[in-house]
Amino acid sequence: MKRLLIVYHSLTGGTGQMARAAAAGSARQSDVALRLETAVAAGPEALLDADGYLFACPENLAAMSGLMKDFFDRTYYPVLGRIEGRPYAVLICAGSDGENAARQIARIATGWRLRPVADPLIVCTHAQTPAEILAPKIIARSDLENCAELGATLAAGLAMGIF
């Protein structure tokens, strides 16, 4: 059975909703085992045990969130040279742009020699004031459906051996 790992960080709930939607989408593929872990809890063994990855985080101050960066810092060298060729995709919850966080994750994935299987899915909340940025997020149904579809696509590709 193929294994999909979803690693996420969420402070105000938006990215958590997106990661859970992707997990629900991947559950449509009964022959793919899912592991959904926070960036704080996930470690090198989770990456080594998986056949594919979905990385999800908010963009904070034009960068990936600090705890997601911490995940990559803690796991990069222990798995370097051991996960090449595995597929990955990215979810970003952003206030206005999200591109830089996606670019940072892509650079790390390139170092690991992972294969991107979809363009980053960036959901823009348009939160611009301190109060809006720190407020709990509610992600639109259409955006959650897109996240679910990405999870389903990644799981199906793993199951069929396409990725």
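**Exercise 1.** Is Glu149 buried, partly exposed or exposed?

*Solution.* The model is predicted. Take the relative accessible area of Glu149, which is 43%.

**Exercise 2.** Find what the salt bridge between Arg28 and Glu149 ties together.

*Solution.* Start with the distance. The N to O separation is 3.6 Å. The cut-off is 4 Å, so the pair qualifies as a salt bridge. Next, place the residues. Arg28 sits in the loop between helix 1 (14-26) and strand 2 (32-38). Glu149 belongs to helix 6 (residues 141-160). The pair therefore links parts that are 121 residues apart in sequence. Last, check Arg28: with a relative accessible area of 55%, Arg28 is exposed.

**Exercise 3.** Locate the partners of the Asp51 and Arg3 salt bridge.

*Solution.* The closest N and O atoms are 3.8 Å apart. Asp51 is in the loop between helix 2 (44-49) and strand 3 (52-60), while Arg3 is in strand 1 (residues 2-8), so the bridge connects parts 48 residues apart in sequence. Arg3 has 37% relative accessibility and counts as partly exposed.

**Exercise 4.** Describe the salt bridge between Lys69 and Asp73.

*Solution.* The closest N and O atoms lie 2.7 Å apart. Both residues are in helix 3 (residues 66-79). They are 4 residues apart, about one helical turn. Lys69 is partly exposed at 38% relative accessibility. Asp73 is partly exposed too, at 48%.

**Exercise 5.** Which residues do salt bridges with shared partners join into one network?

*Solution.* The network consists of Arg35, Glu37 and Asp49. For the whole structure, the count is 6 salt bridges.

How values were computed. Residues are numbered from 1 along each chain as its sequence is written. This is a predicted model: local features need pLDDT of at least 70, side-chain atom pairs count only at pLDDT 80 or more; totals for chains, interfaces and linings use all residues. Side-chain values use heavy atoms; hydrogens and water are left out. A salt bridge is a side-chain nitrogen of Lys or Arg within 4 Å of a carboxyl oxygen of Asp or Glu. Helices (H or I, at least four residues) and strands (E, at least two) are DSSP runs, numbered from the N terminus. Buried means under 20% relative accessible area, exposed over 50%, partly exposed in between (1.4 Å probe, protein chains only).
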